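Open the model in your viewer and keep the selection tool at hand. This tour goes stop by stop, telling you what to pick and what is there.

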Amino acid sequence: MARIDLVDLAHAYNGGTTDADLVLKPTSMTWRQGGAYALLGPSGCGKTTLLNIISGIVRPSRGKVLFDGKDVGALTTQQRNIAQVFQFPVIYDTMTVGENLAFPLKNRGLPRAEIEKRVGEIARLLDLEAYLGRRASRLSADAKQKISLGRGLVRADVAAILFDEPLTVIDPALKWELRSKLKTLHRALDLTMIYVTHDQTEALTFADTVVVMHEGSVVQTGTPEELFARPEHTFVGYFIGSPGMNIVAGEVRGREAKIAGHTLALKRSYDALPAGANIEIGIRPEFVSIAPPRPDLLSARLERIDDLGRTRFARVRVDSLRLAAAVPPGSIPDGEEVGLTFDPAQIHVYADSRRIEGAA
Amino acid sequence: MEKIVNQKAWFLVLPVFAVVAFSAVIPLMTVVNYSVQDTFGNNKFFWNGVGWYQELLSPSTELGGRFLASLWRNLIFSAVVLAIEIPLGIVVALAMPRQGRGVAFSLVVLALPLLIPWNVVGTIWQIFGRSDIGLLGYVLNRLGFDYNYVSYPIDAWATIIVMDVWHWSSLVALLCYAGLKSIPEAFYQAASIDGASRWAVFTAIQLPKMQRVLLIAGLLRFMDSFMIYTEPFVVTGGGPGNSTTFISIELVKLALGQFDLGKAAAMSLVYELIILIICWVFYTVMTNAGQERRIEREGA
Amino acid sequence: MTLRLDKVSLLQSGQVFLRDVSLSLERGTLNVLLGPTLSGKTSLMRVMAGLDAPTEGRVFVDDKDVTGLDVRKRSVAMVYQQFINYPAFTVFENIASPLRVQGKPQREIEQRVNEAAKLLRLEPYLDRTPLSLSGGQQQRTAIARALVKGADLVLLDEPLANLDYKLREGLRAELPRIFEASGAIFVYATTEPTEALLLGGRTICLWEGRPMQVGVTSQVYRRPESLRVAQLFSDPPLNLAEVTKHDGAVVYSDGEKAPADGRFAALADGAYRVGFRAHQLALADGRPDRQQGRHAFAATVALTEITGSESFVHLKRDGTNWVAVLPGVHEFLPGQALQATLDPADIFIFDRDGRLVAGPPQG
C-alpha cells in the first residue's frame with residue numbers, strides 16, 4: 001500500500017529536451033493510498049510511458065517518483081514492490097495454476113505452509129480454486145489474466161497494482177465479469193490500483209479518479225461524473241462519452257450563443273471572453289433532443305439513427321456541422337427535417353479549447 | 001489449414017525432377033543394384049542377394065565387425081558433440097546482446113566459422129594441432145602434455161571433437177538466439193516483478209520457449225555430425241589405426257580403396273536407413289510438440 | 001452477385017470449425033457475423049473467400065459452383081484485424097496495387113485511387129508509407145485497397161479491434177456510408193453486439209461453428225429465437241431467472257409470485273427460463289411493491305459502476321447475478337437493499353431447451 005507522488009516528471013525516449021521530444025510532458029500528481037486510478041487517453045498520449053516510469057521499467061528523463069515520500073528512482077521494479085498485469089496474459093507455461101500463483105512467494109523464500117495458505121486465499125478471491133492443479137497454459141484468456149493478476153495479489157506487501165490495458169484480449173461477455181471482479185477486489189483489499197486504457201467505459205467504471213491524457217499532458221483529473229458533466233477541455237468532452245460531445249464553433253455574448261444563425265439560451269453569462277480566442281460551444285448528445293421541426297428550434301437534417309437497444313442517437317446535419325442528438329424513447333422520427341432542443345444548463349463554452357466558467 | 005491445390009506448380013518443378021532423377025535417383029538405383037551383387041566394378045556381377053546385408057549386421061564377420069565398430073564411433077561422436085554444442089550454444093545465445101550495436105557485431109563473429117569450407121576447417125585444425133608447426137600442438141607440448149593426434153587415439157578424438165564444436169556451435173547459438181528474441185519483453189518484466197532469480201527466469205521462461213528451436217538445432221546437428229566425413233578425414237585420415245574411422249571413412253576405404261563395391265553399396269544403404277529412421281523420430285517428436293501447442297492455444 | 005453456401009462444414013486436424021452452414025447473401029448488403037472468439041467467424045470468411053475448401057458442402061456465386069475455385073480466380077477482397085499494408089509502398093501505391101495487378105491503365109488507376117482516398121479521407125497521406133501513419137490511417141489504407149479493387153465480395157475480419165476506442169467509433173460511423181457507395185456484398189465479423197447494432201444490415205449469429213440465427217440486425221436483437229442468441233446479442237449480459245408456471249401463477253425461484261397473465265397465460269404449465277436486458281429493470285428503495293402489473297424482486301447491490309452518462313448496478317438476487325443499467329448517475333452502495341421491478345411485457349420466455357416460446361410483443 002503506498003501513496004504515490006509524481007514530482008515534475010517528464011520523459012523523452014530519444015534523450016532530447018525540446019517540447020517536441022517529450023513523450024511525457026512535465027507532470028506532478030499525488031495518488032492516495034488505496035485509490036483506484038485510471039490513465040485514459042488515445043495511443044501515443046504517454047499513459048503507458050507514465051505507467052512504466054512508475055513501475056520502474058523506464059527511468060524518467062526528469063523528475064522523481066515517490067512512494068510514501070521516499071524517492072524510488074534508484075529502485076528496480078522488484079524492489080518497488082509493484083505488481084503489473086499486461087495486455088496479454090503472462091503466465092509460466094510449464095507450471096500449474098497453483099505453481100504460477102506460488103512463484104513470487106517461492107522466490108522470496110516463504111515457508112511452504114504459508115505459501116499454500118496465501119495461494120488458496122487468492123485463488124478463492126479470483127474463482128480459480130477449481131483450476132489450481134491444471135496446467136496454466138490450457139486455460140482460457142480471461143482465466144490466464146486472472147492468474148497474472150493473482151501473482152500480483154499474492155504478495156501481501158505489494159505497494160500498488162498496475163494494469164496495462166488488461167482486457168484487450170478478453171471477449172465482451174467476459175469483460176463484465178472481470179471488470180466487476182477487479183472493482184470488488186479493490187474494495188476488499190484496499191490496494192492502490194492504476195489502470196491504463198484507451199477505453200473510456202473501462203476507465204470510468206473502474207476508477208474513482210480518472211486522469212485524462214492527451215499528447216503527453218494531463219488534460220483533466222476527476223471523478224467520472226465530473227469528467228462527464230464538466231469537461232475542462234474539448235478533448236475531454238470528445239473523448240469521454242459515446243458518442244462524444246458535440247463541439248461546434250459559435251458566437252457567445254452575454255447569456256446567448258449563436259450556432260449557424262440560430263440563437264440558444266445559456267444558463268450562465270459570459271461577458272469577458274478572451275479576445276481573439278477560438279470560441280466553441282460544447283454540449284453532449286445526451287442533452288440535445290430531436291423533435292418535430294418548429295420555427296423556434298434549430299432545424300437540422302436527419303442523416304441516420306443509431307439504435308443501440310436501450311438508447312437511440314440521431315446523426316444530424318446543420319449546414320456543414322455534424323451533430324449527434326438523443327432520440328426520445330418512443331418517438332418515431334419521420335421525414336428528413338427535425339428540430340433540435342438544447343438543455344441550457346448543459347451547454348459549455350470553450351475558448352481555445354479550455355472551458356470558461358461564466359458568471360451566474 | 002488446407003489450401004486449394006493448384007496443379008500448375010507441378011510443371012515448374014518438372015525440370016528439377018529431371019535433373020534430380022538423373023543425378024541422384026539413377027545413381028541411387030545403381031547402388032541398390034550393386035548392394036545385391038558381388039562386384040569389383042569391372043562389369044562382372046555375381047548375384048549375392050541379401051548376403052552383404054547379413055554380413056553387415058553380424059559382428060563376427062569382418063565386414064560386420066568393421067561396420068558395427070564404426071557405427072559405434074559415429075554414435076559416440078554425435079552424442080559427445082551434441083552434449084557439448086547444445087548447452088554451449090544456449091549459453092552463448094543468452095550472453096549475446098539483444099539490442100544495440102553489439103548485436104550486429106556478435107552475429108557476424110558467430111557466423112564466421114560457419115562460412116569456412118569444410119575441408120579448409122579440417123586443414124586449419126590439422127596444421128593447428130601439429131606438434132612442430134601448429135600453435136596448439138606446440139604450446140601443449142611445451143606445457144608438458146604429450147599431445148600428438150597422429151599417435152594417440154585420445155588426442156585424435158579430442159582434436160576432432162574440439163574442431164567440430166568450434167565449427168558448429170555458432171549454428172546452435174544463432175538458432176537459440178532467434179528463439180530467445182521472439183520472447184516478448186513483458187515476460188522478463190513479469191519475472192522481475194515476481195522476484196525470479198536468473199536461473200528461475202531461464203528454467204521458467206527461456207528454456208520452455210526455446211523448445212522448438214532446440215529440437216531443430218538438435219536435429220540439424222545430429223544429422224550433420226552423424227554423416228561427418230571431410231573434417232576428420234583431413235585431420236586424421238581415420239587414424240591412428242582406425243580409431244577415428246567413421247562409417248563415411250569406412251565406406252570410402254571399401255569402395256575406393258578395396259573396390260569392394262557390393263559391400264560398400266550395402267553399407268551405404270544401411271547407413272542411409274539409420275539416418276532416415278532417426279530423423280523421422282525427431283520429426284515426429286517435433287510435430288507432436290507443435291500439435292500440443294496448437295491445442296493449448298485454442299482450447300479450454 | 002449472390003453468394004450462397006450450401007451445408008458447408010469445415011473440419012481440420014480433427015477439430016470442427018464450421019458445422020452445416022447454409023447462407024445466402026445478396027448484392028449490396030452488409031452482413032455482420034456476430035459471435036465470440038473461436039465461434040467460426042474467420043473460418044467462415046475464409047471459406048467464402050476461397051482460401052479454404054470446405055470439407056463438406058458447396059459454395060455458389062451467382063448459382064455457379066465455385067467450391068474448388070482458387071481465391072485468385074474469385075472477386076474477393078479482405079481486410080484484417082492487423083493493419084496489413086505493403087510496408088515499402090506509399091499509400092498511393094498500396095491502394096493502387098490491385099489495379100496494377102489487373103493491368104489497368106495509369107489514368108484509370110489514378111482516378112480510382114483518388115476516389116477511394118477521398119472516400120476514406122486519406123488524401124493528405126498519399127505520399128507517406130503506412131508505418132509513418134497512425135493505426136486508424138493504416139486501416140483506412142487497407143480498406144481503401146480492398147474497395148478500389150471493385151470486388152463483389154469484401155470481407156472484414158474484426159477490422160477495428162486493434163484501434164483505440166475513439167478511433168473505432170469514428171471509423172465505424174463512416175463505414176455504412178462507405179459500404180453503401182460500393183454496392184458489393186460486405187461481410188463484417190465482430191464480437192461486440194453494440195458494433196452489430198451500429199452497423200445495421202443483417203446479422204448472422206455464430207456459435208461453435210453453426211449459425212444460430214440470421215436476419216435483419218434489429219430484428220435479431222429484438223426477437224432472438226433462442227437463449228444462446230439472446231445472450232450473444234446482449235451487452236450488458238442478459239439477466240436470467242428460473243420460473244415455473246402452475247395454477248395460473250408464475251413463480252420465481254426465490255418465491256416471488258406473479259399472476260400468469262399476458263403471454264404467460266397461453267403457456268403450458270412447467271419450468272421455463274426467462275431473460276431480459278439490463279435496461280429493462282427499474283430500481284427503487286423500499287420493499288417490493290407490485291405496481292401496475294410489474295414483477296418485483298428484492299435484491300442487494302453488489303457494485304455500482306458509473307460512466308457519467310449511465311450507471312451499471314450489479315445486483316445479487318437469490319444467488320444469481322443481475323446487471324441493471326440506469327441513465328445518469330446513481331450511487332447505490334454495496335450491500336444496499338433494493339427493489340427491482342420489471343415489466344412482464346419485456347421478458348423473453350425460453351423453454352428448457354433454450355428455444356424462445358414467447359417474446360415481447362412487436363411494435
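Helices (H or I, at least four residues) and strands (E, at least two) are DSSP runs, numbered from the N terminus. This is a predicted model: local features need pLDDT of at least 70, side-chain atom pairs count only at pLDDT 80 or more, and totals for chains, interfaces and linings use all residues. Residues are numbered from 1 along each chain as its sequence is written, chains are lettered from A and ligands numbered from 1 in the order in which they are written, and side-chain values use heavy atoms, leaving out hydrogens and water.

**Stop 1: a strand in chain C.** Select Lys7(C). Lys7(C) sits in strand β1 (residues 3-12) of chain C. Its phi is positive, about 50 degrees, although Lys7(C) is not a glycine. Most residues other than glycine have a negative phi.

β1(C) and β4(C) pair in the antiparallel sense over 5 bridges (two strands pair if DSSP finds at least two bridges between them). Find Asp6(C): Arg58(C) in β4(C) stands opposite.

**Stop 2: the hairpin.** Move on to β5 (residues 64-65) of chain C. β5(C) runs antiparallel to β4(C), joined by 2 bridges. Phe60(C) faces Asp65(C) across the pair, standing opposite. Between the strands of this hairpin lie 2 residues, and Asp62(C) takes a positive phi near 50 degrees.

**Stop 3: two cis bonds.** Select Asp235(C) and Pro236(C). A cis peptide bond joins them, with omega about 5 degrees. Pro236(C) lies in the loop between α8 (227-232) and β11 (239-246) of chain C. Then go to chain A, where the bond from Ser242(A) to Pro243(A) is cis, with omega near 0 degrees.

**Stop 4: where chains C and A meet.** Show both chains. What does each chain bring to the contact? Chain C gives 35 residues and chain A gives 33 residues (contact means heavy atoms within 4.5 Å). Together they bury about 3000 Å², 56% of it on carbon and sulfur atoms. Buried area is the accessible area (1.4 Å probe) that two parts lose on being put together, summed over both. Highlight Asp164(C), Tyr165(C) and Lys166(C): these supply 22% of the area that chain C buries against chain A, more than any other three residues.

Finish on Glu305(C) and Arg179(A). They form a salt bridge, the closest N and O atoms being 3.1 Å apart (a side-chain nitrogen of Lys or Arg within 4 Å of a carboxyl oxygen of Asp or Glu). Between chain C and chain A the count is 3 salt bridges.
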